Amino acid sequence: MNCYDDFADFYNELMDCDYDKWSQFLVNHGCRGSGADLACGTGNITFRLAEAGCSVIGVDASPRMLTVAESKKKNVSNPLFRCQNMAEFEVTRPLDFVTCVCDGVNYLVSPDDAAGMFGRVYASLKEGGVFIFDISSEYKLRHVLAGNFFYDDGDDVTYLWTNTLKKGVVIMDLTFFAKKSDGSYRRFDERHEQRVYGEKEIVRMLSEAGFSDIRMFDDYTDKPVSAETQRVVFTARK
């Protein structure tokens, strides 16, 4: 089962995210000028940053997701999209900012990959540049998702979603039934894996990569993180 393969065609329909709120937070906290949006998916944040006046490269490991993103482009030069694993991210010119939203970092199930990516992001930034990203919190993964079952029965697609916690990784098995033009349904399955990262662990890895002025926020607001925060947003400076 391939992560974000067939799911790419239904990603925008199924994701319940306030991208306008998120992108405004990013701009307000320093995402201006040139930047990269890691794990950009179909470009929902990438396009909004471009519309805010940024020059942006959207980076994602899924060709299918990027195909959907490219289909939405109106400006041929901004944003640009690149197929690349974010653990191998690098640029030829220093950037003003790097983002990674919607728990992209959790998909780096190896802590060494996460730490390595933080180091690569640090190297890609100009002095004073900002790195902003979020994670699904330890509380969310251990107490909201792990061991639980979710489903949604939509008009065009139905999904069944089970979550299993194993050795610090939540394994998400999803089964989709997508309606075809003749009224029948096509089934496909995907498996997603997300590492449980604690806030202190993330702060330590950022510090070891060289970042300073590391701050945490509750779900793209200026509120502090609480014990039941489900999405922790980090900002860090070079």
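Two strands count as paired if DSSP finds at least two bridges between them, where strands (E, at least two residues) and helices (H or I, at least four) are DSSP runs, numbered from the N terminus. The model is a predicted one, in which local features need pLDDT of at least 70, side-chain atom pairs count only at pLDDT 80 or more, and totals for chains, interfaces and linings use all residues. Residues are numbered from 1 along each chain as its sequence is written, and side-chain values use heavy atoms, with hydrogens and water left out.

**Exercise 1.** Work out the order of the seven strands in their open sheet, and find its edges.

Solution. The order is 3-2-1-4-5-11-10, with mixed pairing. At the edges stand strand 3 (80-83) and strand 10 (212-218), each of which pairs on one side only.

**Exercise 2.** Determine in which sense strand 1 and strand 4 pair, and what packs on this sheet.

Solution. Strand 1 (residues 34-38) runs parallel to strand 4 (residues 95-100), with four bridges between them, and Asp 37 stands opposite Thr 99 in strand 4. Helix 3 (residues 44-51) packs on the sheet and touches strand 1, strand 2 (55-60), strand 3 and strand 4, contact meaning heavy atoms within 4.5 Å.

**Exercise 3.** Explain why strand 6 and strand 9 each have a side without a neighbour in the sheet.

Solution. The open sheet of four strands has the order 6-7-8-9 and antiparallel pairing. Strand 6 (149-153) and strand 9 (185-195) stand at its edges with a single partner strand each, so one side of each is left without a neighbour in the sheet. Strand 6 pairs with strand 7 (residues 157-166) over five bridges in the antiparallel sense, and Trp 161 in strand 7 is the bridge partner of Phe 150.

Technical notes:
Axes fitted to C-alpha atoms, helices over the stretch in contact; angles between N-to-C directions.
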